[in-house]
Amino acid sequence: MNDAPASFRYVGKARRAREHRRFIAGSGRYVADVELPGMLHVALAASPHASARIGAIGRDAALALPGVRAVVTGAEIAAATEPMMSGLDLPKVLRWPLAVGEARYAGEWVAAVVAETRPLAEDAAELLDISYDALPAVVDPEAALRPEAPAVHPAHGSNLLYRRKFTWGPVAEIFAAATHRIQYRARWHRSATVPIETFGVVARWDASARLVEIWASVQMPKYSDQIARALKLPGNAVKVHYDIDVGGSYGGKRGLKHAVLAAYLARRLGAPVRLIEDRLENLRGGDAHGPDRIFDVEMAFDDDGTVRAMKMRALDDVGAYAGRAPFQLGKPVGAIVGPYRIAAVEYEPISVTTNKTPEEAVRGFGQAPTNFAIETGIDLVARRLGLDRIELRRRNMIRRDEFPYTIPSGSTYDSGDYDAVLQKALAAADYPALVARRDAARAQGKLAGIGISCCLEPSGGNSSFEPLLNPKNETTTWMEGCLVRIDAVGAIVAAMGTTSAGQGHETLLSTVVGEVLERDPESVRAVRADSLWALPSNSPVGSRMAIMLGAAAANAARKVKDQLLAIAAHRLGAGAAELSYRGGDVLLASDPARRITWDALVDIAHRKFHLLPPGMEPGLQALAVAEVPTGGSLPGPDGRVQMYPCYAFEAHVVYAEVDPVTGQTRLGKYVCGHDCGVMINPDIVYGMTYGGIAHGIGAALYERFAYDAEGQLVSGSFMDYLLPSAHEVPDIAIVDHCTPSPHTVFGQKGSGEAGYLGAPAAVASAVNDALSPMGLHVAELPMTPAALGELLAARDEEGK
Amino acid sequence: MSQHEIALTVNGRARRARVPARMSLVDFLRDELRLTGTHVGCEHGVCGACSVLMEGRPVRSCLVFAVQAEGTEIITVEGLAPDAEGLSILQDSFWELHALQCGYCTPGMLIAAHALLARNSAPSEDEIREAIGGNLCRCTGYKQIVDAVSLAARRMRGANRPEDAR
């Protein structure tokens with residue numbers, strides 16, 4: 001189905017990213033750069049309590065400040081708008097942009113102040129006199145499930161949002177007959193994507209057109225539809241401008257409540273309104289924390305290390321409200337056995353609400369925590385049997401000749417050569433030398449270790465987890481559109497209907513369209529249609545754009561190419577099969593002297609209707625809408641489902657030393673073997689992979705949204721929520737391998753989540769290898785210096 | 001709020017303005033001068049996105065009041081290129097080696113690296129990491145940034161050969 005890599009002109013070649021020119025010059029256009037005449041600014045008053053009934057809101061002092069235009073509360077918003085959409089079927093768990101009646105987490109926005117400047121709005125927000133009756137809060141997700149726990153949403157009746165036990169294959173029989181079993185708990189504490197740009201939105205209401213315009217720092221499927229529903233407007237009354245540069249997202253920038261609030265305020269006040277989170281609003285009230293999981297796992301295995309079956313219970317704390325976040329328990333169903341031939345699986349996802357900041361999507365949509373939980377078990381099996389961790393993985397891996405391979409949960413992995421990738425990574429790391437280095441360090445009394453992880457990166461972003469976790473939802477498509485146009489002077493424009501947050505989609509479009517039309521990608525201009533231009537998009541989620549936007553762009557370009565060939569066939573009086581397309585010119589294969597040039601074909605299409613084949617529309621443009629390969633069907637009654645179409649693979653090898661006094665982990669050599677099929681732009685793939693590894697190092701060692709027992713966030717600044725800097729991220733080497741996907745245009749797989757899916761597991765593996773001579777094992781992330789320092793100090797104490 | 005007259009030079013151009021005492025330098029640059037290339041990331045001096053050169057040295061413009069910039073020379077990312085159509089060797093090296101993705105931290109990174117190269121024409125990898133250690137990037141994992149600064153240094157030393165590009 002795909003061409004051999006060697007045959008590409010532009011795909012896979014080093015090429016400067018088209019969008020970078022404006023960024024390096026400082027002329028990117030981010031949402032905070034949008035300046036509209038008469039624009040007003042929003043500041044937010046936040047609940048100081050994790051749970052409280054909201055009483056009177058005294059606003060006189062705030063409104064008395066010159067330049068303050070309005071103070072808006074949850075009651076007003078609730079009367080004017082619909083609750084925001086929930087992913088699960090939860091009719092009693094209602095959510096508005098501002099707290100309505102009760103505040104359910106510390107930092108929840110209670111009132112919005114609008115003023116002529118942001119400093120003035122902040123001054124006024126401090127003058128609000130809000131009375132609260134504090135209520136008991138529930139912070140721990142396991143405590144939240146006990147009958148005596150206070151209900152976060154009393155109308156819902158309990159704090160359990162979702163629970164189902166899936167059984168795929170003879171799990172009980174295998175466990176009953178197993179030679180060995182292990183049981184362990186793996187804890188993934190909440191961290192998030194935390195882009196350097198906070199979320200922001202500018203909204204304008206055009207009263208004469210009856211139209212809301214939105215500029216937002218967003219990465220969100222079906223954003224305009226959801227804004228329209230919440231505002232009780234027809235879909236065509238919301239125009240989201242997608243030509244806004246987004247300063248990083250990695251899944252997290254969803255910003256629905258921000259847009260609904262800003263649009264409501266803009267309409268009410270008759271002026272453009274800007275809401276840009278400050279860092280505290282972002283970390284505490286931006287509703288973008290990540291998965292917060294407790295995994296209880298059992299594995300059944302043989303003497304030789306063959307893992308036969310797994311039971312996994314995954315308890316996820318989504319915080320105070322549920323949007324799309326609970327679906328992050330569903331996506332890992334599509335790769336629930338990782339790269340291993342585990343024949344039977346029991347999976348029990350449990351979604352719980354607590355009085356904490358709501359969860360939102362994070363890079364990998366739940367796959368990175370799941371991969372960490374699986375890999376923790378694989379290392380523990382090796383430790384139990386005294387087997388080499390690498391050998392154990394090789395024994396269990398799906399082999400190259402077993403693809404396509406269907407896992408117990410019903411997803412079929414498209415292609416791969418996991419062992420080859422692992423071997424390449426080990427070779428690049430010079431594994432024997434790394435072992436010698438570790439052993440020499442240990443001989444000097446150091447805590448040194450090597451980490452290994454082998455993880456899958458499902459890609460192609462379908463949304464099958466929606467019907468899987470919500471039977472009322474019958475979504476079976478997650479389409480993507482592209483329009484390709486050749487103008488009257490022969491220049492090419494390719495349009496997409498989404499923002500980008502650094503993934504290089506303008507480069508993707510120009511490369512793919514250039515490849516198909518055999519035109520220099522530098523000559524292809526990529527543009528972004530706004531949401532009214534009827535270009536369906538589901539945004540760059542789920543590592544999908546190389547596959548989906550790539551398919552739409554290639555298909556649209558092929559349609560235009562077919563039109564060029566048809567015009568030429570008509571002019572040359574030849575059949576299409578007799579023609580050859582060369583760089584935009586069309587010639588007779590049997591007589592290359594007879595040709596029509598690109599310029600002539602363009603001229604005919606745009607100006608010379610009398611020379612067009614009968615019935616052909618004038619002009620040169622085509623729209624293509626791609627459906628997700630392998631998509632289109634609902635999950636079976638047992639929950640078996642084809643989740644995503646393509647499966648990339650990554651094998652990480654990392655060296656670490658843990659300081660026995662401070663608990664600080666220092667990473668040394670880091671190698672990532674990576675196979676995402678054909679790379680359309682290698683630099684972009686490498687960049688996202690390096691960045692994903694850095695993000696994974698943060699999740700593994702530093703980043704945590706920690707709460708105290710009363711539900712106060714204690715990491716609300718970058719002094720406490722620690723992002724890895726150039727000092728913490730080591731020099732990383734990536735080793736490529738290419739197993740093309742059979743499902744895609746060029747053999748590409750997705751790659752936007754690469755690195756992050758395997759790095760936390762690898763770093764944890766390295767730390768545990770370092771701790772293994774002491775008989776210690778940690779399965780809790782992040783392994784902060786404080787956490788490891790305490791563990792080691794306690795160990796010293798025991799030894800005395 | 002007391003207002004103050006300030007006079008300073010920004011990207012080679014003399015500027016005078018009347019600003020509130022509490023206005024930060026980054027707000028002044030972005031909102032008053034409309035130099036939006038300098039970005040706001042954390043507003044508490046950790047992320048480095050708002051870095052500009054003040055008297056040739058990188059400062060976090062979120063931690064400097066506009067009134068403190070009185071009489072100083074400020075260079076922002078818009079002032080790094082030789083002219084409106086061109087790029088500095090450092091900027092071009094960032095582009096060549098894909099040392100950015102979303103572009104949000106990039107202006108601050110360029111400022112930090114520019115200051116490094118002004119005082120050290122042949123920085124080691126450690127020196128480059130030290131120089132950008134106060135600038136957070138969430139996209140790149142820093143590797144391609146380190147490589148790009150190194151490439152720029154080689155090019156600026158005059159060894160601008162084709163083989164230096166990769």
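This is a predicted model: local features need pLDDT of at least 70, side-chain atom pairs count only at pLDDT 80 or more; totals for chains, interfaces and linings use all residues.
Let me start with Arg53 of chain A, which stands opposite Asp133(A) in strand 6 of chain A, where strands are DSSP runs of E with at least two residues, helices are runs of H or I with at least four residues, and both are numbered from the N terminus. Five bridges join strand 2 (residues 52-58) of chain A to strand 6 of chain A, and the two run antiparallel; two strands are taken to pair if DSSP finds at least two bridges between them.

Residues are numbered from 1 along each chain as its sequence is written, while chains are lettered from A and ligands numbered from 1 in the order in which they are written.

Staying with chain A, let me turn to strand 14. Seven of the nine residues of strand 14 (residues 293-301) of chain A are buried, so this strand is largely enclosed by the rest of the structure; a residue is called buried if 20 or more other C-beta atoms lie within 10 Å of its own, exposed if 12 or fewer do, and partly exposed in between, with C-beta atoms placed from the backbone. Strand 14 of chain A is joined by nine bridges to strand 9 (residues 180-188) of chain A, running antiparallel, and in that pairing His180(A) stands opposite Phe301(A). Nine bridges also join strand 14 of chain A to strand 15 (residues 307-319) of chain A, again antiparallel, with Val297(A) opposite Met312(A). Strands 14 and 15 of chain A form a hairpin with five residues between them, and in the turn Gly305(A) has a positive phi of about 95°.

What is buried in helix 12 (residues 418-428) of chain A? The buried residues there are Tyr418(A), Val421(A), Leu422(A) and Ala425(A), and, seen down the axis of helix 12 of chain A, they fall within an arc of 100°, so they line one face of the helix; that arc is the one spanned by the directions from the helix axis to the C-beta atoms. They pack against helix 11 (389-396), strand 19 (447-459), strand 27 (646-658), strand 28 (665-675) and strand 29 (732-736) of chain A, where contact requires that the C-beta atoms of two residues, placed from the backbone, lie within 7 Å.

Some backbone details deserve a careful look. Most residues other than glycine have a negative phi, and most peptide bonds are trans. Just after helix 12 of chain A, however, Asp430(A) takes a positive phi of about 50°, and Ser539(A), which is not a glycine either, has a positive phi of about 70°. Ser539(A) sits in the loop between strand 22 (524-528) and helix 16 (545-572) of chain A and, with 25 C-beta neighbours inside 10 Å, counts as buried. In chain B, Glu55(B) has a positive phi near 55°, lies in the loop between strand 3 and strand 4 of chain B and, with 11 C-beta neighbours inside 10 Å, counts as exposed. As for the peptide bonds, the one from Phe403(A) to Pro404(A) is cis, with omega near -5°, and the one from Leu781(A) to Pro782(A) is cis, with omega near 0°.

That brings me to chain B as a whole, which has five helices and five strands, running β-β-α-β-β-β-α-α-α-α from the N terminus on. Its domain assignment, which comes from an automatic or database source, gives domain 1 (3-79) and domain 2 (89-161), and the contact between them takes 14 residues from domain 1 of chain B and 12 residues from domain 2 of chain B.

Finally, where do the chains meet? In all, 44 residues of chain A are in contact with 42 residues of chain B, and the largest share of the side of chain A that touches chain B, eight residues, comes from helix 18 of chain A.
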